[in-house]
Amino acid sequence: MLSVGIFNAYYPYSLEESIARMKKDGFSCVQLDLAFKGMDLSPDALTKEKCRTIRDAFRDANLPIVCVSGYTNIIHSDPVKRRENIHGLKKTIQFARDLGSPYVVSETGTFNTESDWVWDPKNGTEEAYEEVVKQIEDLAKFAYDNGAMFLVENYVNNVIGSVDQVARLFSDVNHPGLGLLMDPTNYYTDTNIGHIDETLHRIFNTLGDKIKIAHAKDCKPAEDTGEKHANIDASESHSFRGAGAVELPAPGLGNLNYDLYLERLAKLHPNVPIIIEHLEEEDIPRAKKFLDGKLKQVGV
């Protein structure tokens with residue numbers, strides 16, 4: 001059976017209060033964000049003691065940490081900012097095991113100078129691809145040397161966005177320190193949003209064996225093609241709701257074929273955790289009920 005989890009950052013409270021609310025809402029696992037009120041969890045403030053306090057609190061609550069968020073722009077156009085971003089990501093990777101999971105997740109980033117979520121023409125160049133490959137190879141090796149694994153999460157406005165680009169990345173960085181965070185909604189653009197099922201099959205046929213963790217949000221054609229954010233107490237990675245031709249709402253509020261998604265996912269990975277995202281706290285019960293219902297309907 002697939003276990004259902006959520007990012008803890010959708011509960012903007014202390015460690016103890018966040019865990020209590022996740023338990024009350026019935027979750028069985030969590031993608032860990034280093035974001036709890038009253039705790040300094042900035043990269044240079046991390047210690048084994050802090051990490052183990054977090055890990056043990058989730059263990060005591062029987063709420064396993066299945067992966068750790070390390071989201072940052074790994075190819076930021078400002079070299080100083082890029083070094084800071086990589087430094088923070090590597091700190092998270094370094095402490096991953098102390099935080100309870102070997103898996104640390106980030107997208108690949110964009111060269112856009114104004115937003116980490118918007119397309120830039122340089123993203124589509126061979127130069128950009130080669131820069132990302134070099135950086136991801138370094139992260140995969142660093143993760144492996146620290147007993148961890150770097151999970152790449154694609155997004156269409158990043159350098160690594162399409163099925164073909166993800167497949168090429170795994171071919172060029174053929175390393176045990178690299179895995180895939182599966183989020184099918186991140187593959188949709190104006191060219192394939194009308195072909196949901198065909199795209200889902202292509203994703204799984206091409207990349208299915210790379211999956212370690214899965215996400216649950218939704219996708220639909222956007223009425224507003226600008227960058228969209230929800231007004232919530234969370235980082236941009238959690239307030240983001242899409243940019244361009246495709247909007248990315250909470251699960252059950254778009255056009256994704258969840259029956260097909262869950263069938264394909266469970267056939268390949270029958271016990272993989274699936275993490276709900278892109279929602280406000282008040283919408284959590286509805287989204288979980290939707291996903292639980294789909295899992296029962298599909299029988300996984």
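Analyst: Axes are lines fitted to C-alpha atoms, for helices over the stretch in contact, and angles run from 0 to 180 degrees between N-to-C directions. Contact means heavy atoms within 4.5 Å. Helices (H or I, at least four residues) and strands (E, at least two) are DSSP runs, numbered from the N terminus. In those terms, helix α6 (residues 163–172) lies across β5 (149–152) and β6, running at about 160° to β6. The model is predicted, so local features need pLDDT of at least 70 and side-chain atom pairs count only at pLDDT 80 or more, whereas totals for chains, interfaces and linings use all residues. Residues are numbered from 1 along each chain as its sequence is written, and side-chain values use heavy atoms, with hydrogens and water left out.

User: What makes β6 and β7 a pair of strands?

Analyst: Two strands pair if DSSP finds at least two bridges between them. Three bridges join β6 (residues 178–182) to β7 (residues 211–216), and the two run parallel. Leu180 stands opposite Ile211 in β7.

User: Which strands form the closed barrel, and in what order?

Analyst: The eight strands follow the order β1-β2-β3-β4-β5-β6-β7-β10, with parallel pairing. From one strand to the next, the twist averages 30°. β10 has three bridges to β7 and four bridges to β1 (residues 3–7), both in the parallel sense. Opposite Ile275 in β10 stands His215, and opposite Ile274 stands Val4.

User: How do you know that the structure holds zero disulfides?

Analyst: A disulfide is a pair of cysteine sulfur atoms within 2.5 Å. For Cys29, the closest cysteine sulfur is that of Cys67, at 8.3 Å, which is too far for a bond. The count for the structure is zero.

User: Why are Cys29 and Cys219 called buried?

Analyst: Buried means under 20% relative accessible area, exposed over 50%, and partly exposed in between (1.4 Å probe, protein chains only). Cys29 has 2% relative accessibility and therefore counts as buried; Cys219, at 0%, also counts as buried.

User: Asn62 and His278 have positive phi values. Which of these residues is buried and which exposed?

Analyst: Asn62, with phi near 55°, lies in the loop between α2 (48–60) and β3 (65–69). Its relative accessible area is 53%, so Asn62 is exposed. His278, with phi near 60°, is found in the loop between β10 (273–276) and α10 (284–298). Its relative accessible area is 5%, so His278 is buried. Neither residue is glycine.

User: Which residues touch the most other members of the largest nonpolar core?

Analyst: A nonpolar core is a set of buried Ala, Val, Leu, Ile, Met, Phe, Trp, Tyr and Cys residues joined through side-chain atoms within 4.5 Å. The largest has 97 residues, of which Phe58, Tyr261 and Ile274 touch the most other members. Helix α5 (residues 126–145) gives the most to this core, with eight residues. Ile274 is in contact with Tyr261, Leu262 and Leu265, among others. In β10, Ile274 and Ile276 point one way and Pro273 and Ile275 the other, and all are buried.

Methods: Lists of a residue's contacts leave out its neighbours within four places in sequence.
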